[in-house]
Amino acid sequence: MSSLAQHFTRLPQDLRACLAFLSRLPIRAKPEPSEERPLAVSSACLPLAGMLIALTPAVILSLIISFGGSTVLAAAVALGAMALITGGLHEDGLGDTADGFGGGKTREERLAIMHDSRIGTYALLALLFTVIIKVVALGEISQSVGVGAFSIICVAALSRALAYAHWTSLPPARKDGVASWAGWPKTSDLGFAVLLSVPAILILIVMFPFTGLLAIILATLGVFSFSTMARRLIGGHTGDTIGASEQIAATILFATLALGA
């Protein structure tokens, strides 16, 4: 059986595993991640899982605007709902990464800071600015209700596809932690993640003929630059940098799409 056929055969259980890990939804992975079958084996489904997670925030955004609420309020509530569903998983990664990269002078210091649950100035600033940018940008995009709703879903898929690319492109930076437990995905599986992202890519390009393509290019370059920085500063990826790459991609996508709203 070809690799692509195997992915489609495993799609239901892989999607279940990704949803169980990425969200606070009452879902259990079958089979549970283990040394024989770590989460990395299922992780090519991250873009599809992101789309499903984004459905509820997209509906919330549409309802608030339909009942006369401002687009900025709708964007704030929708993105808040997204963070609630995911348990702030990606935002936590961004904050820890910002503190580690900004405050550590050596590889060991950076990894130690990233492992510390306390929040520092770099984390606060990173979270503050990304949240503001995403809320304002999504508010601009949502002048058309349908465009705003579809943008949330597409960005959720593409940002996780780019986080997966970051994950596959770098070795683990340490032997413990979430990334070590989850395993290291095969680079060959990246093609399936991209395939699952094709609908989101096409929808964005149709809705935003120029800025849609530009947003995808800039987000890709942003995550590539961040991955290069992670390799230089800590020697690879961690669970925090995977989450940070998702947030970086989402922020760039929303900000660029707002230019063509």
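At which residues does UniProt place the feature "transmembrane region"? The unreviewed entry gives residues 39-65, 72-90, 119-138, 145-167 and 191-224; UniProt positions follow the numbering used here, feature names are shortened, and annotations may be inferred rather than shown by experiment. The model is a predicted one, in which local features need pLDDT of at least 70 and side-chain atom pairs count only at pLDDT 80 or more, while totals for chains, interfaces and linings use all residues. Residues are numbered from 1 along each chain as its sequence is written, and side-chain values use heavy atoms, with hydrogens and water left out.

Two of the annotated stretches can be compared with the model. Over residues 145-167 the chain is 100% helix and 0% strand, with the end C-alpha atoms 33 Å apart. Over residues 119-138 the chain is 90% helix and 0% strand, and the end C-alpha atoms are separated by 26 Å. Helices (H or I, at least four residues) and strands (E, at least two) are DSSP runs, numbered from the N terminus.

The next topic is the packing of the interior. A nonpolar core is a set of buried Ala, Val, Leu, Ile, Met, Phe, Trp, Tyr and Cys residues joined through side-chain atoms within 4.5 Å; buried means under 20% relative accessible area, exposed over 50%, and partly exposed in between (1.4 Å probe, protein chains only). The largest nonpolar core has 56 residues, and Leu61, Leu138, Ile152, Leu253, Phe254 and Leu257 touch the most other members. At least two residues of this core come from each of H1 (3-22), H2 (46-66), H3 (71-86), H6 (121-141), H7 (145-169), H9 (190-207), H10 (211-234) and H11 (239-259). H7 supplies the largest share, twelve residues. Another core, of 13 residues, lies apart from this one and includes Ala98, Leu111, Ala126 and Phe226.

Contact means heavy atoms within 4.5 Å. With neighbours within four places in sequence left aside, Leu253 is in contact with Val155, Leu158, Ser159, Ala215, Ile216 and Ala219. Ser159 is also a partner of Glu246: the two side chains make a polar contact at 2.8 Å, that is, a pair of N or O atoms within 3.5 Å, where within protein one must be able to donate a hydrogen and the other to accept it, and residues adjacent in sequence count only if both atoms are side-chain atoms. Glu246 is in H11 and counts as buried because its relative accessibility is 5%. Leaving aside neighbours within four places in sequence, Glu246 is in contact with His90, Ser159, Arg160 and Ala163.

The 16 residues of H3 should span 22 Å, and the end C-alpha atoms are 22 Å apart, so the two agree. Buried residues in H3 are Thr71, Ala74, Ala75, Ala78, Leu79, Ala81, Met82, Ile85 and Thr86. They cover an arc of only 150° around the axis, which means that they are on the same side of H3; the arc is that of the directions from the helix axis to the C-beta atoms. The buried residues of H3 pack against H1, H2, H4 (89-103), H6, H7 and H11. Gly87 follows H3 and has a positive phi, near 70°.

Ser188 is in the loop between H8 (178-182) and H9, and counts as exposed because its relative accessibility is 57%.

Technical notes: Expected span 1.5 Å × (residues − 1).
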